[in-house]
Amino acid sequence: FDQVLSKHLKEKLEKEHGAEACGGAKFHFRLNKTCERLKKLLSTVDPAKMDVDSLIPDKDCRLSVTRNEWETMLAPSLAHLRSLITKILSDSGVESAALVAVEVVGGGARVPCVQDVIMTASSQTLLRHTLDSSAAVALGAAGVCKTFAVATPVAAPEEGEVKKKSKGMPPLKFVQDPWLEGGEGGMSEECVVEAIALEAQFKEREQTEREKGTARNALETFVYSMRAALEGKHKEHLDSADVGGTCERIENWLWDEGAVASAQQLVDKLEEESVAMKTKYEMFFEERHLAEKKRVQLEKEEEEKLAKMAEEEAANGEKDDHDNRILKFADRYALADKNKAEGTELFKGGNYQPAAQRYIKSLGHLSKLVHVESLMSEEDHAQAKNLKITCYNNLAMVFLKLQMWAKAIDNANRVVELDDQNCKALFRRAQARVQLKEMEEAIVDLDMCLALEPDDAGVVKLKAQMCVCMCMCGVCVCV
(Lines give C-alpha, C1' and ligand atoms only; values in the text may rest on other atoms or scores of the structure.)
Protein backbone atom coordinates (compact mmCIF):
# COMPACT_ATOMS: atom_id res chain seq x y z
CA PHE A 1 0.00 0.00 0.00
CA ASP A 2 2.82 2.40 0.88
CA GLN A 3 4.51 1.66 -2.44
CA VAL A 4 1.34 2.49 -4.38
CA LEU A 5 1.02 5.83 -2.58
CA SER A 6 4.75 6.53 -2.95
CA LYS A 7 4.59 5.90 -6.70
CA HIS A 8 1.55 8.17 -7.05
CA LEU A 9 3.19 11.06 -5.18
CA LYS A 10 6.51 10.62 -6.98
CA GLU A 11 4.75 10.95 -10.34
CA LYS A 12 3.12 14.20 -9.17
CA LEU A 13 6.48 15.54 -7.97
CA GLU A 14 8.22 14.58 -11.22
CA LYS A 15 5.63 16.53 -13.22
CA GLU A 16 6.18 19.58 -11.04
CA HIS A 17 9.95 19.47 -10.42
CA GLY A 18 11.36 17.11 -13.05
CA ALA A 19 12.55 13.51 -12.82
CA GLU A 20 16.15 14.45 -12.02
CA ALA A 21 15.12 16.09 -8.73
CA CYS A 22 13.16 13.01 -7.61
CA GLY A 23 15.84 10.38 -7.24
CA GLY A 24 18.36 8.93 -4.83
CA ALA A 25 18.09 6.80 -1.72
CA LYS A 26 17.55 9.76 0.61
CA PHE A 27 14.64 11.12 -1.45
CA HIS A 28 12.90 7.74 -1.57
CA PHE A 29 13.47 7.13 2.15
CA ARG A 30 11.91 10.46 3.11
CA LEU A 31 9.06 10.03 0.62
CA ASN A 32 8.27 6.58 2.01
CA LYS A 33 8.28 7.95 5.57
CA THR A 34 5.89 10.68 4.51
CA CYS A 35 3.58 8.16 2.81
CA GLU A 36 3.46 6.13 6.00
CA ARG A 37 2.33 9.19 7.98
CA LEU A 38 -0.18 10.25 5.32
CA LYS A 39 -1.70 6.79 5.43
CA LYS A 40 -2.15 7.04 9.21
CA LEU A 41 -3.62 10.54 8.95
CA LEU A 42 -6.16 9.35 6.37
CA SER A 43 -7.74 7.17 9.05
CA THR A 44 -8.87 10.35 10.85
CA VAL A 45 -8.53 13.25 8.38
CA ASP A 46 -9.69 13.64 4.78
CA PRO A 47 -7.80 15.00 2.90
CA ALA A 48 -4.41 14.38 4.55
CA LYS A 49 -1.77 17.06 3.92
CA MET A 50 1.89 17.40 4.88
CA ASP A 51 4.68 19.87 4.21
CA VAL A 52 8.10 18.23 3.85
CA ASP A 53 11.19 20.39 4.20
CA SER A 54 13.83 20.02 1.46
CA LEU A 55 12.37 16.86 -0.03
CA ILE A 56 13.53 18.28 -3.35
CA PRO A 57 16.98 19.96 -3.05
CA ASP A 58 16.47 23.45 -1.61
CA LYS A 59 12.69 23.17 -1.99
CA ASP A 60 9.85 22.47 0.44
CA CYS A 61 7.01 20.34 -0.90
CA ARG A 62 3.37 20.03 0.12
CA LEU A 63 2.03 16.51 -0.35
CA SER A 64 -1.67 15.69 -0.09
CA VAL A 65 -4.01 12.83 -0.84
CA THR A 66 -7.74 12.28 -0.39
CA ARG A 67 -9.39 9.12 0.80
CA ASN A 68 -11.12 8.67 -2.59
CA GLU A 69 -7.76 8.92 -4.40
CA TRP A 70 -6.27 6.43 -1.96
CA GLU A 71 -9.06 3.91 -2.43
CA THR A 72 -8.89 4.29 -6.22
CA MET A 73 -5.16 3.51 -6.11
CA LEU A 74 -5.86 0.44 -3.98
CA ALA A 75 -8.69 -0.86 -6.18
CA PRO A 76 -6.63 -3.66 -7.85
CA SER A 77 -5.25 -4.83 -4.49
CA LEU A 78 -8.69 -4.71 -2.88
CA ALA A 79 -10.18 -6.72 -5.76
CA HIS A 80 -7.44 -9.31 -5.33
CA LEU A 81 -8.08 -9.46 -1.58
CA ARG A 82 -11.81 -9.92 -2.17
CA SER A 83 -11.26 -12.78 -4.64
CA LEU A 84 -8.71 -14.38 -2.33
CA ILE A 85 -11.15 -14.49 0.60
CA THR A 86 -13.91 -15.81 -1.67
CA LYS A 87 -11.61 -18.53 -3.02
CA ILE A 88 -10.49 -19.57 0.47
CA LEU A 89 -14.09 -20.00 1.60
CA SER A 90 -14.99 -21.83 -1.61
CA ASP A 91 -12.01 -24.21 -1.47
CA SER A 92 -12.60 -25.01 2.19
CA GLY A 93 -16.30 -25.66 1.68
CA VAL A 94 -17.15 -23.27 4.52
CA GLU A 95 -20.08 -20.88 4.19
CA SER A 96 -19.31 -17.35 5.31
CA ALA A 97 -22.36 -17.43 7.57
CA ALA A 98 -20.75 -20.31 9.49
CA LEU A 99 -17.68 -18.27 10.47
CA VAL A 100 -17.48 -17.55 14.18
CA ALA A 101 -15.10 -14.60 13.72
CA VAL A 102 -12.47 -13.12 11.44
CA GLU A 103 -9.15 -12.04 12.98
CA VAL A 104 -7.09 -9.29 11.33
CA VAL A 105 -3.45 -8.56 12.13
CA GLY A 106 -1.08 -5.81 11.01
CA GLY A 107 -1.14 -2.15 10.06
CA GLY A 108 -2.81 -2.73 6.70
CA ALA A 109 -5.82 -4.20 8.46
CA ARG A 110 -6.50 -0.78 10.04
CA VAL A 111 -7.20 0.83 6.65
CA PRO A 112 -11.00 1.44 6.52
CA CYS A 113 -11.50 0.26 2.91
CA VAL A 114 -9.54 -2.94 3.64
CA GLN A 115 -11.77 -3.66 6.62
CA ASP A 116 -14.86 -3.05 4.48
CA VAL A 117 -13.68 -5.57 1.86
CA ILE A 118 -12.90 -8.21 4.49
CA MET A 119 -16.24 -7.75 6.25
CA THR A 120 -18.20 -7.83 2.98
CA ALA A 121 -16.41 -10.89 1.58
CA SER A 122 -16.73 -12.82 4.86
CA SER A 123 -20.25 -11.60 5.76
CA GLN A 124 -19.06 -10.16 9.07
CA THR A 125 -20.25 -7.02 10.81
CA LEU A 126 -17.21 -6.78 13.09
CA LEU A 127 -13.58 -7.87 12.92
CA ARG A 128 -11.47 -9.12 15.80
CA HIS A 129 -8.07 -7.64 16.74
CA THR A 130 -7.09 -10.02 19.55
CA LEU A 131 -3.96 -11.63 18.04
CA ASP A 132 -0.50 -10.31 17.33
CA SER A 133 1.54 -11.52 14.35
CA SER A 134 3.33 -14.30 16.25
CA ALA A 135 0.13 -15.65 17.78
CA ALA A 136 -1.59 -15.56 14.37
CA VAL A 137 1.19 -17.63 12.77
CA ALA A 138 1.20 -20.12 15.64
CA LEU A 139 -2.59 -20.51 15.57
CA GLY A 140 -2.58 -20.88 11.79
CA ALA A 141 0.15 -23.53 11.89
CA ALA A 142 -1.76 -25.46 14.54
CA GLY A 143 -4.90 -25.27 12.40
CA VAL A 144 -3.04 -26.63 9.35
CA CYS A 145 -1.60 -29.51 11.38
CA LYS A 146 -5.02 -30.31 12.79
CA THR A 147 -6.53 -30.35 9.30
CA PHE A 148 -3.93 -32.63 7.72
CA ALA A 149 -2.83 -34.74 10.68
CA VAL A 150 -3.52 -38.46 10.74
CA ALA A 151 -3.77 -39.29 14.41
CA THR A 152 -2.83 -42.92 15.02
CA PRO A 153 -3.18 -44.40 18.52
CA VAL A 154 0.04 -45.50 20.11
CA ALA A 155 0.50 -48.01 22.86
CA ALA A 156 0.12 -46.56 26.33
CA PRO A 157 3.34 -46.04 28.34
CA GLU A 158 4.74 -49.04 30.12
CA GLU A 159 4.06 -49.58 33.76
CA GLY A 160 6.28 -47.47 35.96
CA GLU A 161 6.52 -44.54 33.56
CA VAL A 162 5.51 -41.17 34.96
CA LYS A 163 2.14 -39.94 33.72
CA LYS A 164 1.89 -36.16 33.74
CA LYS A 165 -1.59 -34.85 34.26
CA SER A 166 -2.68 -31.36 35.27
CA LYS A 167 -5.44 -30.97 37.80
CA GLY A 168 -8.79 -30.63 36.09
CA MET A 169 -7.36 -31.52 32.65
CA PRO A 170 -8.43 -34.56 30.59
CA PRO A 171 -5.94 -37.45 30.16
CA LEU A 172 -3.27 -36.97 27.50
CA LYS A 173 -3.86 -38.82 24.23
CA PHE A 174 -0.85 -40.59 22.72
CA VAL A 175 -0.64 -40.01 18.97
CA GLN A 176 2.09 -40.12 16.41
CA ASP A 177 3.57 -36.77 15.42
CA PRO A 178 1.72 -35.82 12.22
CA TRP A 179 3.28 -33.99 9.27
CA LEU A 180 1.75 -32.65 6.12
CA GLU A 181 3.72 -34.85 3.74
CA GLY A 182 5.05 -37.46 6.11
CA GLY A 183 2.06 -39.76 6.14
CA GLU A 184 1.49 -41.91 9.21
CA GLY A 185 5.21 -42.17 9.84
CA GLY A 186 5.67 -38.43 10.44
CA MET A 187 8.69 -36.46 9.17
CA SER A 188 11.74 -38.35 8.03
CA GLU A 189 14.90 -37.83 10.04
CA GLU A 190 16.51 -36.07 7.08
CA CYS A 191 13.59 -33.60 6.84
CA VAL A 192 13.85 -32.87 10.56
CA VAL A 193 17.57 -32.12 10.28
CA GLU A 194 17.00 -29.84 7.27
CA ALA A 195 14.16 -27.99 9.01
CA ILE A 196 16.24 -27.40 12.13
CA ALA A 197 19.18 -26.15 10.06
CA LEU A 198 16.92 -23.81 8.09
CA GLU A 199 15.40 -22.42 11.28
CA ALA A 200 18.89 -21.77 12.65
CA GLN A 201 19.78 -19.83 9.48
CA PHE A 202 16.67 -17.70 9.79
CA LYS A 203 17.43 -16.93 13.44
CA GLU A 204 21.00 -15.97 12.63
CA ARG A 205 19.88 -13.71 9.78
CA GLU A 206 17.24 -12.03 11.94
CA GLN A 207 19.78 -11.44 14.73
CA THR A 208 22.25 -9.92 12.27
CA GLU A 209 19.64 -7.53 10.88
CA ARG A 210 18.45 -6.64 14.39
CA GLU A 211 22.01 -5.79 15.50
CA LYS A 212 22.58 -3.75 12.34
CA GLY A 213 19.36 -1.79 12.85
CA THR A 214 20.24 -1.07 16.49
CA ALA A 215 23.72 0.15 15.54
CA ARG A 216 22.37 2.36 12.74
CA ASN A 217 19.75 3.88 15.05
CA ALA A 218 22.47 4.67 17.60
CA LEU A 219 24.54 6.51 14.99
CA GLU A 220 21.51 8.44 13.69
CA THR A 221 20.61 9.36 17.29
CA PHE A 222 24.12 10.73 17.78
CA VAL A 223 23.73 12.91 14.67
CA TYR A 224 20.34 14.19 15.80
CA SER A 225 21.51 14.90 19.37
CA MET A 226 24.48 16.93 18.14
CA ARG A 227 22.29 18.99 15.80
CA ALA A 228 19.80 19.57 18.60
CA ALA A 229 22.67 20.62 20.87
CA LEU A 230 23.34 23.58 18.59
CA GLU A 231 19.99 25.03 19.74
CA GLY A 232 20.12 23.78 23.34
CA LYS A 233 21.93 24.48 26.58
CA HIS A 234 25.70 24.99 26.57
CA LYS A 235 25.68 25.66 22.82
CA GLU A 236 28.25 28.40 23.42
CA HIS A 237 30.87 25.64 23.76
CA LEU A 238 30.22 24.38 20.21
CA ASP A 239 31.30 25.60 16.79
CA SER A 240 28.03 25.60 14.84
CA ALA A 241 29.60 25.35 11.38
CA ASP A 242 31.98 22.56 12.39
CA VAL A 243 29.37 20.44 14.20
CA GLY A 244 26.83 20.93 11.40
CA GLY A 245 29.40 19.90 8.78
CA THR A 246 30.38 16.82 10.77
CA CYS A 247 26.75 15.76 11.10
CA GLU A 248 26.24 16.24 7.36
CA ARG A 249 29.33 14.13 6.62
CA ILE A 250 28.16 11.31 8.91
CA GLU A 251 24.70 11.38 7.36
CA ASN A 252 26.13 11.15 3.84
CA TRP A 253 28.24 8.20 4.95
CA LEU A 254 25.10 6.49 6.28
CA TRP A 255 23.39 6.79 2.92
CA ASP A 256 26.43 5.58 0.96
CA GLU A 257 28.89 3.23 2.68
CA GLY A 258 26.69 2.86 5.75
CA ALA A 259 23.84 1.40 3.69
CA VAL A 260 25.82 -1.83 3.24
CA ALA A 261 27.94 -1.64 6.41
CA SER A 262 27.86 -4.40 9.01
CA ALA A 263 26.70 -3.84 12.58
CA GLN A 264 30.30 -3.78 13.81
CA GLN A 265 31.30 -1.20 11.21
CA LEU A 266 28.41 1.01 12.31
CA VAL A 267 29.42 0.59 15.96
CA ASP A 268 33.04 1.46 15.11
CA LYS A 269 31.91 4.53 13.16
CA LEU A 270 29.87 5.77 16.13
CA GLU A 271 32.82 5.22 18.48
CA GLU A 272 35.19 7.04 16.13
CA GLU A 273 32.93 10.06 15.64
CA SER A 274 31.83 10.36 19.28
CA VAL A 275 35.44 10.18 20.55
CA ALA A 276 36.50 12.84 18.04
CA MET A 277 33.60 15.09 19.03
CA LYS A 278 34.22 14.66 22.77
CA THR A 279 37.92 15.40 22.33
CA LYS A 280 37.23 18.58 20.37
CA TYR A 281 34.41 19.85 22.62
CA GLU A 282 35.38 18.53 26.03
CA MET A 283 33.82 21.45 27.93
CA PHE A 284 30.42 20.97 26.26
CA PHE A 285 30.23 17.27 27.10
CA GLU A 286 31.37 17.89 30.66
CA GLU A 287 28.64 20.48 31.17
CA ARG A 288 26.03 18.21 29.60
CA HIS A 289 27.12 15.27 31.75
CA LEU A 290 26.78 17.35 34.93
CA ALA A 291 23.35 18.63 33.84
CA GLU A 292 22.12 15.08 33.13
CA LYS A 293 23.50 13.86 36.43
CA LYS A 294 21.66 16.67 38.22
CA ARG A 295 18.41 15.87 36.37
CA VAL A 296 18.59 12.19 37.33
CA GLN A 297 19.28 13.13 40.94
CA LEU A 298 16.32 15.52 41.03
CA GLU A 299 14.03 12.89 39.52
CA LYS A 300 15.20 10.39 42.13
CA GLU A 301 14.52 12.91 44.89
CA GLU A 302 11.04 13.62 43.54
CA GLU A 303 10.23 9.91 43.46
CA GLU A 304 11.50 9.52 47.03
CA LYS A 305 9.30 12.45 48.10
CA LEU A 306 6.26 10.84 46.49
CA ALA A 307 7.02 7.52 48.16
CA LYS A 308 7.55 9.20 51.54
CA MET A 309 4.32 11.14 51.19
CA ALA A 310 2.46 7.93 50.39
CA GLU A 311 3.92 6.28 53.49
CA GLU A 312 2.96 9.24 55.69
CA GLU A 313 -0.57 9.24 54.34
CA ALA A 314 -0.88 5.53 55.01
CA ALA A 315 0.44 5.99 58.56
CA ASN A 316 -1.97 8.88 59.19
CA GLY A 317 -4.91 6.98 57.79
CA GLU A 318 -5.34 9.49 54.98
CA LYS A 319 -5.31 6.95 52.18
CA ASP A 320 -8.74 5.80 51.09
CA ASP A 321 -7.59 2.34 49.96
CA HIS A 322 -9.76 0.78 52.67
CA ASP A 323 -12.82 2.83 51.86
CA ASN A 324 -15.00 -0.03 50.68
CA ARG A 325 -18.27 1.72 51.36
CA ILE A 326 -20.85 1.27 48.65
CA LEU A 327 -21.89 4.89 48.15
CA LYS A 328 -24.40 6.32 45.73
CA PHE A 329 -22.96 7.69 42.51
CA ALA A 330 -23.54 11.31 43.51
CA ASP A 331 -21.72 10.86 46.84
CA ARG A 332 -18.72 8.99 45.43
CA TYR A 333 -18.44 11.40 42.50
CA ALA A 334 -18.51 14.37 44.89
CA LEU A 335 -15.50 12.94 46.77
CA ALA A 336 -13.62 12.40 43.50
CA ASP A 337 -14.44 15.91 42.25
CA LYS A 338 -13.32 17.41 45.57
CA ASN A 339 -9.93 15.68 45.35
CA LYS A 340 -9.54 16.87 41.77
CA ALA A 341 -10.27 20.47 42.76
CA GLU A 342 -7.77 20.25 45.63
CA GLY A 343 -5.15 18.91 43.23
CA THR A 344 -5.72 21.81 40.84
CA GLU A 345 -5.28 24.39 43.61
CA LEU A 346 -2.06 22.70 44.75
CA PHE A 347 -0.79 22.60 41.16
CA LYS A 348 -1.42 26.33 40.69
CA GLY A 349 0.70 26.97 43.78
CA GLY A 350 3.58 24.90 42.40
CA ASN A 351 3.00 22.01 44.86
CA TYR A 352 3.29 19.29 42.26
CA GLN A 353 3.78 16.19 44.39
CA PRO A 354 0.75 16.85 46.65
CA ALA A 355 -1.26 17.71 43.54
CA ALA A 356 -0.39 14.34 42.01
CA GLN A 357 -1.55 12.59 45.18
CA ARG A 358 -4.92 14.37 45.05
CA TYR A 359 -5.48 13.41 41.42
CA ILE A 360 -4.59 9.80 42.22
CA LYS A 361 -7.07 9.86 45.12
CA SER A 362 -9.74 11.19 42.81
CA LEU A 363 -9.11 8.31 40.39
CA GLY A 364 -9.29 5.91 43.33
CA HIS A 365 -12.79 7.13 44.16
CA LEU A 366 -13.84 6.79 40.52
CA SER A 367 -12.59 3.19 40.44
CA LYS A 368 -15.00 2.37 43.28
CA LEU A 369 -17.98 3.32 41.13
CA VAL A 370 -17.85 -0.26 39.85
CA HIS A 371 -19.97 -1.19 42.87
CA VAL A 372 -22.90 0.88 41.58
CA GLU A 373 -22.18 0.68 37.85
CA SER A 374 -25.41 -1.15 37.08
CA LEU A 375 -27.39 1.69 38.70
CA MET A 376 -25.62 4.48 36.81
CA SER A 377 -27.31 6.27 33.93
CA GLU A 378 -25.61 7.11 30.63
CA GLU A 379 -25.16 10.64 31.91
CA ASP A 380 -23.46 9.32 35.05
CA HIS A 381 -21.08 7.21 32.98
CA ALA A 382 -20.21 10.19 30.78
CA GLN A 383 -19.66 12.41 33.82
CA ALA A 384 -17.34 9.86 35.46
CA LYS A 385 -15.41 9.34 32.22
CA ASN A 386 -14.87 13.08 31.77
CA LEU A 387 -13.55 13.45 35.31
CA LYS A 388 -11.23 10.48 34.78
CA ILE A 389 -9.89 12.07 31.58
CA THR A 390 -9.31 15.35 33.43
CA CYS A 391 -7.38 13.66 36.25
CA TYR A 392 -5.14 11.65 33.92
CA ASN A 393 -4.53 14.75 31.80
CA ASN A 394 -3.63 16.74 34.89
CA LEU A 395 -1.31 13.98 36.09
CA ALA A 396 0.45 14.06 32.73
CA MET A 397 0.99 17.80 33.21
CA VAL A 398 2.25 17.31 36.77
CA PHE A 399 4.84 14.76 35.66
CA LEU A 400 5.93 17.05 32.84
CA LYS A 401 6.63 19.71 35.47
CA LEU A 402 8.53 17.13 37.53
CA GLN A 403 10.45 16.03 34.39
CA MET A 404 9.27 12.45 34.92
CA TRP A 405 8.75 11.83 31.22
CA ALA A 406 7.82 8.14 31.28
CA LYS A 407 5.06 8.74 33.83
CA ALA A 408 3.78 11.68 31.80
CA ILE A 409 3.50 9.43 28.75
CA ASP A 410 1.78 6.70 30.76
CA ASN A 411 -0.95 9.05 32.01
CA ALA A 412 -1.40 10.62 28.57
CA ASN A 413 -1.80 7.10 27.16
CA ARG A 414 -4.63 6.49 29.60
CA VAL A 415 -6.42 9.58 28.33
CA VAL A 416 -5.98 8.50 24.70
CA GLU A 417 -7.44 5.09 25.56
CA LEU A 418 -10.58 6.86 26.75
CA ASP A 419 -10.61 9.59 24.09
CA ASP A 420 -8.30 9.12 21.09
CA GLN A 421 -9.01 12.67 19.88
CA ASN A 422 -8.01 14.45 23.08
CA CYS A 423 -5.63 17.12 21.84
CA LYS A 424 -4.27 17.97 25.32
CA ALA A 425 -3.19 14.40 25.98
CA LEU A 426 -1.63 14.01 22.53
CA PHE A 427 0.29 17.27 22.94
CA ARG A 428 1.55 16.41 26.43
CA ARG A 429 2.57 12.94 25.27
CA ALA A 430 4.46 14.55 22.38
CA GLN A 431 6.25 16.92 24.79
CA ALA A 432 7.42 14.00 26.92
CA ARG A 433 8.43 11.94 23.89
CA VAL A 434 10.58 14.82 22.62
CA GLN A 435 12.48 14.78 25.93
CA LEU A 436 13.02 11.01 25.57
CA LYS A 437 14.21 11.50 21.95
CA GLU A 438 11.21 9.50 20.63
CA MET A 439 10.90 11.87 17.69
CA GLU A 440 8.97 9.66 15.26
CA GLU A 441 6.24 9.05 17.85
CA ALA A 442 6.19 12.72 18.87
CA ILE A 443 5.66 13.81 15.25
CA VAL A 444 2.71 11.42 14.87
CA ASP A 445 1.13 12.89 18.04
CA LEU A 446 1.65 16.46 16.82
CA ASP A 447 0.22 15.65 13.39
CA MET A 448 -2.90 14.28 15.07
CA CYS A 449 -3.11 17.43 17.23
CA LEU A 450 -2.89 19.68 14.20
CA ALA A 451 -5.51 17.62 12.41
CA LEU A 452 -7.84 18.21 15.36
CA GLU A 453 -6.87 21.82 16.17
CA PRO A 454 -4.89 23.36 13.29
CA ASP A 455 -4.59 26.77 15.01
CA ASP A 456 -3.24 25.56 18.36
CA ALA A 457 -0.25 27.88 18.91
CA GLY A 458 1.55 25.53 21.32
CA VAL A 459 1.40 22.59 18.92
CA VAL A 460 2.49 24.70 15.96
CA LYS A 461 5.44 26.10 17.94
CA LEU A 462 6.67 22.69 19.13
CA LYS A 463 6.33 21.21 15.64
CA ALA A 464 8.31 24.12 14.18
CA GLN A 465 11.06 23.66 16.78
CA MET A 466 11.29 19.96 15.96
CA CYS A 467 11.47 20.68 12.24
CA VAL A 468 14.39 23.07 12.75
CA CYS A 469 16.30 20.37 14.64
CA MET A 470 15.37 17.44 12.41
CA CYS A 471 15.14 18.78 8.87
CA MET A 472 18.74 17.80 8.15
CA CYS A 473 18.25 14.29 9.54
CA GLY A 474 15.91 13.19 6.75
CA VAL A 475 12.88 12.78 9.01
CA CYS A 476 11.35 16.25 9.15
CA VAL A 477 7.65 16.44 8.28
CA CYS A 478 5.95 19.75 9.04
CA VAL A 479 2.21 20.26 8.77
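# A walk through a predicted helical chain

C247 is found in helix α7. This is a predicted model, in which local features need pLDDT of at least 70 and side-chain atom pairs count only at pLDDT 80 or more, while totals for chains, interfaces and linings use all residues. Residues are numbered from 1 along each chain as its sequence is written, and side-chain values use heavy atoms, with hydrogens and water left out. Helices (H or I, at least four residues) and strands (E, at least two) are DSSP runs, numbered from the N terminus.

C247 has a relative accessible area of 1% and is therefore buried. Buried means under 20% relative accessible area, exposed means over 50%, and partly exposed lies in between, with a 1.4 Å probe and protein chains only. Leaving aside neighbours within four places in sequence, C247 is in contact with V223, M226 and R227; contact means heavy atoms within 4.5 Å. From C-alpha to C-alpha, C247 and V223 are 5.5 Å apart in space, and they are 24 residues apart in sequence.

R227, one of the residues that C247 touches, sits in helix α6, which covers residues 189-229. R227 is buried too, because its relative accessible area is 8%. The side chain of R227 makes a polar contact with the side chain of E248, at 3.4 Å. A polar contact is a pair of N or O atoms within 3.5 Å; within protein, one must be able to donate a hydrogen and the other to accept it, and residues adjacent in sequence count only if both atoms are side-chain atoms.

Helix α7 also meets another helix. Two packed helices are described by the angle between their axes and the distance between the axes. The axes of α7 (residues 240-255) and α8 (residues 263-280) come within 12 Å and cross at roughly 175 degrees. Axes are lines fitted to C-alpha atoms, for helices over the stretch in contact, and angles run from 0 to 180 degrees between N-to-C directions. Angles under 35 degrees count as roughly parallel, over 145 as roughly antiparallel, 65 to 115 as roughly perpendicular and the rest as oblique. α7 and α8 are therefore roughly antiparallel to each other. On the α7 side, the residues that meet α8 are D242, V243, T246, R249, I250, W253 and L254, and their partners in α8 are Q265, L266, K269, E273, M277 and K280. By class, this contact has six nonpolar, two polar and five charged residues. Here Ala, Val, Leu, Ile, Met, Phe, Trp, Tyr, Cys and Pro count as nonpolar, Asp, Glu, Lys and Arg as charged, and the others, Gly among them, as polar.

G343 is in helix α10 (residues 329-348), and its relative accessible area of 0% is why it counts as buried. Apart from neighbours within four places in sequence, G343 is in contact with A355, R358 and Y359. G343 and Y359 are 16 residues apart in sequence, with their C-alpha atoms 5.8 Å apart. R429 lies in helix α14 (residues 423-435) and is buried, because its relative accessible area is 10%. Not counting residues up to four places away in sequence, R429 touches I409, A412, N413, V416 and D445.

K437 has a positive phi of about 65 degrees although it is not a glycine. Its relative accessibility is 45%, so K437 counts as partly exposed. E440 is in helix α15 and is also partly exposed, at 27%.

S123 is found in the loop between α4 (112-122) and α5 (133-148), and its phi is near 55 degrees, a positive value in a residue other than glycine. At 47% relative accessibility, S123 counts as partly exposed. A97 lies in the loop between α3 (67-92) and α4 and is exposed, because its relative accessible area is 74%. The C-alpha atoms of A97 and S122 are separated by 7.8 Å, although the two residues are 25 residues apart along the chain.

Last comes the chain as a whole. Its secondary structure comes to 16 helices and two strands. Of its 479 residues, 33% count as buried. Among contacts between residues at least 6 apart in sequence, 62% join residues at least 24 apart. The accessible surface comes to about 29,400 Å², of which 53% belongs to carbon and sulfur atoms. Accessible areas come from the Shrake-Rupley method with a 1.4 Å probe, and for residues only the protein chains shown count as cover.
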